[in-house]
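Have the sequence and the model open as you read along.

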Amino acid sequence: MWWIAVVAAWLSVPRVAVAIISTYNYVPQGLNPTLYTPGFEPVVHLDQATFADTVYYQDRAFVVEFYADWCGHCRAFAPYFREFANQVYPWNKIVTVAVINCADAYNQNICRENGIDHYPVLKYFARTARSAGNGIALETPHAPDALRDGVLRAVLNEYAFNRYPDWPPFTHIQVNDRTTYGQLWDGVPQAAEYMAIVFETTDGLGARFMLDMFDRRGLVGTKRALYSSPLVNMLMIKEFPSVALFRRDHQQAIYMSRLTNASFSEIDRAIEGDRWSHNRAPPATFPPSTTTTLRPFTTTRAPVIDCFKFPDSCRDMYYVSETDMLKAMHTALYDEVIRSPGFIQGENFTNLFNFVDLLANHFPVLSFSNELKRTLRKKRTSSTILKNSERARLVFTHLREWLDSRRSFGHISVDEWRRQFDTVERVYAHPFPTNSSWQHCKGTSAMFRGYTCGLWTTFHALSVHTYIDTIKDERVDPLRPLKSIQGWVSSFFGCRECRDHFMAMTTTKFPMTERRVRHPHDMMTYLWRAHNIVNDRLKGTTTEDPQFSKMQFPAPFLCPTCHSGGQFSRRQVRNFLLRYYGSIKPHNRLADRRLAF
């Protein structure tokens, strides 16, 4: 029939893929929370769908932060990066600030293509960038001005090689006795009635001024000159850096002053006054200033409970969650390990095997609780099987056996590990509730807790359950589980600064040695003391959740008997750790089903 031929012809026409380009208001795809708010901050959010179309083959450069929403250092870095983004917003037609959350599984491939093996990573993509290999790594100092200066150097370096005609003319102007006033205006947009020249002694301030003024280029062109320029004597400039403002039809400067933060508003007033004095009204819409005003952002956060005034309410917030531990271990063994393409070999292979071996042997599959037996008025211990964890233990066992079979090779590829994990996880009916919400580890906002809380919880639970499982083994090596944890952190933990702090603590500040870990119970108390050292370091920082402050654990409202004379009672702390990490709240599968509907 005729319509069949029409449909066949339509289907035979090649389809052109539609480019998806991100904007400031774009909300990225994926399930994870973001550290920056779309539409409220001068930051473009990227994801797997938009990265290539937005960054490559464009008319501007991009500076992209690759971060993980759970990463403590990324969270601490975010306020500085946010302030930096506000500072350079007027540069956005030259270089645009963007971010991508590599912790989101949706963005996994693009982050691997960019070789992201830790967080945060800052990369500069020139406007000539065509692939991930064109990204240039930048430093990530906790200082907005230093971030700005790093990007400025990258912009100037790109201009030195390309001299884009639609970028400001960053080269210092050359003037001699034959230079005319009209020649000074070469390169200034024809629509611009005014030109500002910065006179400087060192490279940098003039270029920054030109970028800060770029959003006014339709009215004011910009140039830069060195202190040795003949114009300096002609204008009798004595201080540097200084800025002089000229009108196109007037050879004398209409404004001249030392360059300061106030120069931008002073130039605005000089132009406005000059136009009124010549019976010309200022532009209907005056170019925006360099200060970006963002829409106010408010978020609903649960009220913080004072745990010392209301200890009973706070006590209920502290528990060990099977859900949290399973989510953390899926991220630790899957997302963290496959982050970078290539091979897992040498020390990394050994560290992966040892950590999986620890999980296969001692990941908790039972929850213990003390109940009062009414007839005898005695406590008895009962146990509950953690069904998801029981299946997860089988996954760990299978992965350990597979790794053991590859030990003679000394390496495996990252892709092999990913395929093996996917297969085994499917065989044992996906025991890791990756789509569930954090339970005890849920923060008062996305900026707090989550994965790192789940990691610490699992590390403590492993030390406690290893102690319980081996209590009758006289040959147990109490250092072995701790070394397995340390090895995984050293090889695979993505937050580089967090990893460096952990390694420095366990090797130098509080060394993980036989002197400190001699007895079986020392494996529990060493990790407890180490975690309190971390709490002390992070107390009062921007990563501290107001509801779960970085107090020395356990707090008096959790264990009154653990505190004596302003000091911890080691014996009481050991008993508390056994009770706390031995009693695990099971994963609620019914809650997941309700969420699915």
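**Entry 1: the whole protein.** I began with surface, where accessible areas come from the Shrake-Rupley method with a 1.4 Å probe, and for residues only the protein chains shown count as cover. The accessible surface of the protein comes to about 29800 Å², and 52% of it belongs to carbon and sulfur atoms.

I noted the ground rules too: this is a predicted model, in which local features need pLDDT of at least 70 and side-chain atom pairs count only at pLDDT 80 or more, while totals for chains, interfaces and linings use all residues. Residues are numbered from 1 along each chain as its sequence is written, and side-chain values use heavy atoms, with hydrogens and water left out.

I then looked up burial (buried means under 20% relative accessible area, exposed over 50%, partly exposed in between, with a 1.4 Å probe and protein chains only). Of the 597 residues, 50% count as buried.

For contacts (heavy atoms within 4.5 Å), I took those with a separation of 6 or more; residues 24 or more positions apart account for 73% of them.

I also found 20 helices and 17 strands in the protein. These are DSSP runs numbered from the N terminus, with helices being H or I of at least four residues and strands E of at least two.

Entry 2: Two strands pair if DSSP finds at least two bridges between them. I traced an open sheet with the order 1-3-2-4-5 and mixed pairing. Strand 1 (44-45) and strand 5 (136-138) stand at the edges with a single partner strand each, so one side of each has no neighbour in the sheet.

I followed strand 4 (residues 121-125), which pairs with strand 5 in the antiparallel sense over 3 bridges. Here I saw tyrosine 124 opposite isoleucine 136 in strand 5.

Helix 3 (residues 72-87) touches strand 2 (61-67), strand 3 (95-101) and strand 4, and its direction makes about 160 degrees with that of strand 3. Helix 5 packs on the sheet as well, touching strands 2, 3, 4 and 5, and its direction makes about 25 degrees with that of strand 4.

On its other pairing, strand 4 runs antiparallel to strand 2 over 5 bridges, and valine 64 has lysine 123 in strand 4 as its bridge partner.

Is strand 4 buried or exposed? I found 5 of its 5 residues buried, so strand 4 is largely enclosed by the rest of the structure. Val121, Lys123 and Phe125 point one way, Leu122 and Tyr124 the other.

**Entry 3: strand 8.** I found 6 of the 6 residues of strand 8 (residues 242-247) buried, so this strand too is largely enclosed by the rest of the structure. Ser242, Ala244 and Phe246 are on one side, with Val243, Leu245 and Arg247 on the other.

Definitions and conventions. Axes fitted to C-alpha atoms, helices over the stretch in contact; angles between N-to-C directions.
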